[in-house]
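Colleague: Before we go through the assignments, could you show me the model, so that each term can be set against its definition?

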Amino acid sequence: MISVRAAKTDDVELLCTLGRRAFYEAFGEYNDPEDMQAYLDLSFNKEAIQKQLEDPDVIFYIATYQEDAVGYSKLKKNSAPPELANQRCIQLERIYALHAYIGKKVGKALMEKCLEFARSENYEWLWLGVWQQNERAISFYHKWKFKTIGVKKFKIGNEITDDYVMALSLKPE
């Protein structure tokens, strides 16, 4: 069974390792090795993750299976894309499962926790960026009723790609 808990400040090493591994497993084969290494070094170094863990606007959740960390998510409060300017938004900046655990409900457990938090804080929208060629992730988000509302740039090393901006309305109907 997958369980999800909020990350603590002493989870910095775990998040660095988990983040690097999950991102590399998801995108390593699609990127130049130097660009990938530059992104991993920038995004998953101890100082960067420590700073994020100390930021009151950032929330990490860690998914575990039998005591092993197998995935994580990162929310960023009060972050809105241009398409939702002046709306009360929270960004799902990252949601990843280790490759061996894809299809084992890690993403579902993390998404449920993120939605629970967003709704408890009365956000109107949960939004994210997803690589346009990541069909598996796009399908996952569609199952949660996310809609594509725009496009944004994403940089890995020297490579710049287009990501879809997808959003889910959290407003009561």
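Modeller: In β5, tryptophan 125 is the bridge partner of cysteine 89. This is a predicted model, in which local features need pLDDT of at least 70 and side-chain atom pairs count only at pLDDT 80 or more, whereas totals for chains, interfaces and linings use all residues. Residues are numbered from 1 along each chain as its sequence is written, and side-chain values use heavy atoms, with hydrogens and water left out.

Colleague: What makes β4 and β5 a pair, and in which sense do they run?

Modeller: Pairing requires at least two bridges found by DSSP between two strands; β4 and strand β5 (residues 125–131) have three bridges and are parallel.

Colleague: How many bridges join β3 to β4?

Modeller: Seven bridges join strand β3 (residues 68–77) to β4, and the two run antiparallel; in β4, arginine 94 is the bridge partner of lysine 74.

Colleague: What makes β4 mostly covered?

Modeller: Buried means under 20% relative accessible area, with exposed over 50% and partly exposed in between, using a 1.4 Å probe and protein chains only; in strand β4 (residues 89–97), eight of its nine residues are buried.

Colleague: Why is α1 called roughly antiparallel to α2?

Modeller: Helix α1 (residues 12–27) and helix α2 (residues 33–43) pack at about 155°, with their axes 10 Å apart. That angle makes α1 roughly antiparallel to α2, because angles over 145 degrees count as roughly antiparallel, under 35 as roughly parallel, 65 to 115 as roughly perpendicular and the rest as oblique.

Definitions and conventions:
Helices (H or I, at least four residues) and strands (E, at least two) are DSSP runs, numbered from the N terminus. Axes are lines fitted to C-alpha atoms, for helices over the stretch in contact, and angles run from 0 to 180 degrees between N-to-C directions.
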